[in-house]
Amino acid sequence: MPAIVIIGAQWGDEGKGKATDLLGERIDYVVKFNGGNNAGHTVVIGNQKYALHLLPSGILTPGVTPVIGNGVVIDIEVLFDELDALIARGVDVSKLRVSANAHLITHYHRTLDKVTERFLGSRSIGTTGRGIGPAYADKINRVGLRVQDLFDENILRQKVEAALDQKNHLLVKIYNRRAISADEIVDTLLSYAERLRPMVADTALELYQALEDDKNVLFEAGQATMLDVDHGTYPFVTSSSATAGGAATGSGIGPGRISRVIGIVKAYTTRVGAGPFPTELFDASGEFLRANGFEFGTTTGRPRRCGWYDAPIARYSARINGVTDFVLTKLDVLTGLTTIPVCVAYDVNGVRFDEMPVSQSDFHHAKPIYEEFPGWSEDITGARTFEDLPQNAQDYVLAVEKISGARISVIGVGPGRDEIIVRHDLLG
């Protein structure tokens, strides 16, 4: 069967977990292919809310095999804390598979992340401080630790000592922090090795075989397109490939296997951390979106920056990822607004840009050009067909669809897993 990729089409927190859950009963594998515990999915099942950070959201669906791919960086302590929390709530986590080639986050990565951000001061990027960037830097610099290293103590110790030779100089001489002991790192990592061992596999081979066996495999991105290290608002980005192309490199499947790319967009826009955000609101409308949408980070609890829907961003994401279907989430949050502005283009120093400017400086100075649409006051959480929506809500969705670059196949009308409208089958 062809592979399906789910990506965030804005700056993250769009509701990818809900889309994964919608497909769950027809999916055999769910693969997380990038990022670490620097982002989260919130999945609501009945009256139960699950906040997942490192684990693929498919772990909540019986019968699905969840996979952490080689493109992920793993904090083992966080992994087992999250697994134990799910086990305590009766979730079966026994099918989890972890790539032997995935890289590890250690104490020294977290420490470097935090002290570097403080050192940068007003020039900080706004990371979560969880060590993701330093772990990916070690990967690219070829001094990283991989999951498979846990099972050879001599190799593990050599790699940790080599990494700390440089990092301790930075910590002590530049940041005025204490040196980190190699023994401390090695002992901590080895304490998890035997519990992790049964989960570790050649996941690229398993996924290849699953596709050969006509299984449905879903690839789930962490973060989102506008945070992608290549295609996002650099340098205010994450350290991995959060676009559909990252699904191939981050899991070990061939790109020709991918036949459908599902982009997730909110009916408005949010962002966490520093960086440009043309439609950001600093008034009562922004507070309305934050309060009604409960816009606080799943991982950090930080208030999200809120703004109106940005169509040029949606078109850019559709183009970069090859989006075949959009899932529009949180339409219900807009209920009660008299008018709803949508950004259709940008003004940069008097010049109109219908597409996202390639220049970082231009994008920093971009001012949104809005079209306004009439709002609605009716409760839409009970709507299950497009025709159940108030006319103004229907018109809003159709207008957004027309200018976003791909069809809107699913609409989220509430936080629950069943509070959706399906216009087109995501697997059909």
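## Aromatic pairs and a buried arginine

In this predicted model, the count of aromatic pairs comes to six. One of them joins W11 and F277: the ring centres are 5.3 Å apart and the planes meet at 50°, so this pair is tilted. W11 sits in the loop between β1 (3-8) and α1 (16-23), while F277 belongs to the loop between β12 (269-271) and α10 (284-292), so the pair ties together parts that are 266 residues apart in sequence.

Let's look further along the chain. F373, W376 and Y396 come together as one aromatic cluster.

Now back to F277, which has R305 among its contacts. R305 is found in strand β13 (residues 305-307). Is R305 buried or exposed? R305 counts as buried, because its relative accessibility of 18% is under the 20% cut-off.

| Residue | Relative accessibility | Class |
|---|---|---|
| R305 | 18% | buried |

What does the side chain of R305 reach? One of its polar atoms lies 2.8 Å from the backbone oxygen of G275. Leaving aside neighbours within four places in sequence, R305 is in contact with T269, T270, R271, G273, A274, G275, P276, F277, E280 and R290. So if you follow R305 in the viewer, you come to F277, and from F277 to its tilted partner W11.

Technical notes
Residues numbered from 1 in each chain as written. Predicted model: local features only at pLDDT ≥ 70, side-chain atom pairs only at ≥ 80, totals over all residues. Heavy atoms only, no water. Helix = DSSP H or I, 4+ residues; strand = E, 2+ residues; numbered from the N terminus. Buried < 20%, exposed > 50% of the residue type's maximum accessible area, 1.4 Å probe, protein only. Polar contact = N/O pair within 3.5 Å; in protein donor to acceptor, adjacent residues only side chain to side chain. Contact = heavy atoms within 4.5 Å. Phe/Tyr/Trp six-rings, centres within 6.5 Å; stacked < 30°, edge-to-face > 60°.
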